[in-house]
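Please read the sequence and look at the model shown here.

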Amino acid sequence: MHIDLVRVLDMEGTSTRQFRNICVFCGSQPGKNGDFVDAANNLGKVLAERKLHLIYGGGSLGLMGCVSTAALVGGSQVLGIIPKALARGNLTGKTVGEVQHVFSMHERIANILSHADAFIALLGGLGTLEEIFQIASWAHLNLHKKPIGLLNVNNFFAELFLFLDKAVECQFISQATRKIFVSASTANELLDKLKTFVYEPDAVLTQIDWTVGESKKRKLDLTLRL
């Protein structure tokens with residue numbers, strides 16, 4: 001699959017971004033705290049109130065089901081992108097809204113990157129962390145300049161922020177990379193921060209040329225494992 005980086009990079013250079021499609025990564029479990037479900041429901045509602053559309057990983061279980069249902073009921077368009085293997089049987093529940101089936105997890109994340117204008121991580125487990133860090137890694141490598149936010153409900157991501165700060169202290173990541181992650185405790189505050197996010201890549205990494213072949217049009221084969 002080839003993703004056109006003209007679209008991927010088309011939101012750079014503006015002080016206030018005009019979003020249309022927001023990707024939300026979150027858990028397929030509800031978690032043990034009712035505040036988590038409330039936060040997912042509220043995020044879906046806020047997206048609809050702001051006339052934003054939702055892209056997510058498909059299914060209807062846990063927080064994924066909450067945010068997608070709330071967005072759809074509120075009037076947002078919802079697109080679930082899910083591998084065929086996960087869609088079989090009743091493993092993840094029926095996808096809310098429109099569904100796009102793909103063959104692999106990597107094709108899923110590549111399609112999500114192509115469709116979304118910004119990314120939000122709600123609470124979740126390994127899958128949520130994998131997705132948000134892969135998107136952040138691609139931003140770090142200057143593959144895209146789309147903002148990435150963590151909805152820090154009940155300080156859920158506090159230890160993650162400590163890890164990132166420790167990685168900066170130990171000089172495994174730069175301050176510029178640390179600033180890729182935007183955070184807030186409420187959906188409205190986070191969306192406002194994402195709209196004014198200014199991408200500041202590491203100077204060295206801006207020298208990377210992801211052009212494929214001799215074409216002047218910037219394209220990248222995101223099916224490759226980076």
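How do the axes of H2 and helix H3 (residues 62-74) cross, and within what distance do they come? The axes come within 7 Å and cross at roughly 30°. This is a predicted model, in which local features need pLDDT of at least 70 and side-chain atom pairs count only at pLDDT 80 or more, while totals for chains, interfaces and linings use all residues. Residues are numbered from 1 along each chain as its sequence is written, and side-chain values use heavy atoms, with hydrogens and water left out.

Helices here are DSSP runs (H or I, at least four residues), numbered from the N terminus. Axes are lines fitted to C-alpha atoms, for helices over the stretch in contact, and angles run from 0 to 180 degrees between N-to-C directions. The angle of roughly 30° makes H2 roughly parallel to H3; the term covers angles under 35 degrees. H2 passes H3 in a right-handed crossing, meaning that the near helix is turned clockwise from the far one by less than a right angle. Residues of H2 that meet H3 include Phe36, Val37, Ala40 and Leu43, and among those of H3 are Leu63, Cys66 and Val67. Contact means heavy atoms within 4.5 Å. By class, this contact of H2 with H3 has 10 nonpolar, three polar and one charged residues. Ala, Val, Leu, Ile, Met, Phe, Trp, Tyr, Cys and Pro count as nonpolar, Asp, Glu, Lys and Arg as charged, and the others, Gly among them, as polar.

H2 (residues 34-49) also meets helix H9 (residues 187-195): their axes come within 9 Å and cross at roughly 50°. Asn42, Leu43, Val46 and Leu47 in H2 meet Ala187, Asn188 and Leu191 in H9. That contact has five nonpolar, two polar and no charged residues.

Now to the aromatic rings. The whole structure holds four aromatic pairs, with ring centres within 6.5 Å. One of them joins Phe156 and Phe157, edge-to-face, at 5.1 Å centre to centre and 85° between the planes; edge-to-face means over 60 degrees. Phe156 is partly exposed, with a relative accessible area of 35%, whereas Phe157 is buried at 4%. Buried means under 20% relative accessible area, exposed over 50%, and partly exposed in between (1.4 Å probe, protein chains only). Ring pairs link Phe36, Phe156 and Phe157 into a cluster.

How values were computed: Phe/Tyr/Trp six-rings, centres within 6.5 Å; stacked < 30°, edge-to-face > 60°. Helix = DSSP H or I, 4+ residues; strand = E, 2+ residues; numbered from the N terminus. Parallel < 35°, antiparallel > 145°, perpendicular 65-115°, else oblique.
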